Amino acid sequence: MRSSEGFIREVTYWFDFVHQTHFAQCIFDVQKYRRTLYTKYNIQLPVNIHDAVIKRQSEFLAGRLTASIIFQQMGETSAQVMVGDHREPIWPHHLIGSLSHTDDTAVCSITERANQRFIGIDIENIIATHTAEKIGRQIINLQEKKLLLSLNFPYEILLTIVFSAKESLFKAIYPIVRHYLDFNTSMVSDFSISNNCITLKLNEYLLKRYDLNKFYCISWKVQFGKVFTFLEGWH
């Protein structure tokens with residue numbers, strides 16, 4: 001599927017029958033973005049996005065388009081993803097979902113609220129080798145770095161997976177904690193290359209204050225220079 005104006009280059013939809021979860025991915029071209037596309041695709045343009053830079057407007061549109069694709073598949077033809085006070089996505093009350101995007105790809109996952117209590121998805125461009133060492137200390141501590149270095153895998157990819165996994169976890173638990181989290185609020189406790197799974201452990205503060213799990217297993221995939229991470233389940 002491609003759009004006639006060239007903004008949408010490719011759209012992919014799939015359904016996970018085991019977990020009853022819908023997924024969509026949209027590859028887009030920011031150079032072909034026009035504000036009139038919001039009207040064409042019946043996507044609401046929030047006030048805070050209206051005055052944003054073109055890149056942000058196009059990324060927001062692509063993300064909402066992935067949600068719209070899933071809504072169509074679910075028969076929710078009039079559904080919209082609204083924007084909360086802290087810019088978080090607000091889903092229809094009977095659904096839960098998650099959105100993420102890079103500069104040319106947007107992804108979305110949605111399921112019925114009765115199926116899962118939390119859901120989180122994230123996509124990231126792989127961190128450049130020369131950047132990984134500079135920003136690594138903002139993402140992981142020395143113990144986590146030691147674990148990553150013990151794995152027979154490129155460090156910049158592993159660091160990107162950790163970054164993305166922590167973002168997915170944050171998105172999953174945000175509706176419960178209702179505030180933004182630092183990267184040090186979770187820590188890598190296990191990293192499986194063969195099973196494409198990374199396990200994050202929440203810090204004691206979050207565990208004592210909120211009704212959350214101690215460990216979260218996040219699945220990951222590396223494809224076309226990007227990292228995808230995803231988790232879902234019950235707290």
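**Overall size.** I started with the radius of gyration: a compact globule of 235 residues would come out near 18 Å, and the protein chain has 18 Å, so the two agree. I'm working from a predicted model here. I also looked up the span of the C-alpha trace, which is about 50 × 40 × 35 Å along the principal axes.

**Make-up.** I found seven helices and eleven strands in the protein chain. Of the 235 residues, 51% count as buried. I checked contacts between residues at least 6 apart in sequence, and 53% of them join residues at least 24 apart.

**Surface and charge.** The protein chain exposes about 12,300 Å², with carbon and sulfur atoms supplying 52% of that. I then looked at the 25 positive and 23 negative charges, whose mean positions sit 3 Å apart.

- E59 pairs with K55, with the closest N and O atoms 2.5 Å apart. Both are in helix α3 (residues 54-74), four residues apart, so about one helical turn separates them. E59 is buried at 5% relative accessible area, while K55 is partly exposed at 47%.
- D122 pairs with K171 at 3.1 Å between the closest N and O atoms. This one links distant parts of the chain, strand β7 (residues 118-125) and helix α6 (residues 155-177), 49 residues apart. I have D122 as buried, at 2%, and K171 as partly exposed, at 22%.
- K166 pairs with E144, closest N and O atoms again 3.1 Å apart. K166 is in helix α6 and E144 in helix α5 (residues 142-149), 22 residues apart. Buried or exposed? Both are buried.

Definitions and conventions
Residues are numbered from 1 along each chain as its sequence is written. This is a predicted model: local features need pLDDT of at least 70, side-chain atom pairs count only at pLDDT 80 or more; totals for chains, interfaces and linings use all residues. Side-chain values use heavy atoms; hydrogens and water are left out. Helices (H or I, at least four residues) and strands (E, at least two) are DSSP runs, numbered from the N terminus. The radius of gyration is taken over C-alpha atoms; the globule rule is 2.2 Å times the number of residues to the power 0.38. Buried means under 20% relative accessible area, exposed over 50%, partly exposed in between (1.4 Å probe, protein chains only). Contact means heavy atoms within 4.5 Å. Accessible areas come from the Shrake-Rupley method with a 1.4 Å probe; for residues, only the protein chains shown count as cover. Lys and Arg count as positive and Asp and Glu as negative; His and the chain ends are not counted. The place of a charge is taken as NZ of Lys, CZ of Arg, CG of Asp or CD of Glu. A salt bridge is a side-chain nitrogen of Lys or Arg within 4 Å of a carboxyl oxygen of Asp or Glu.
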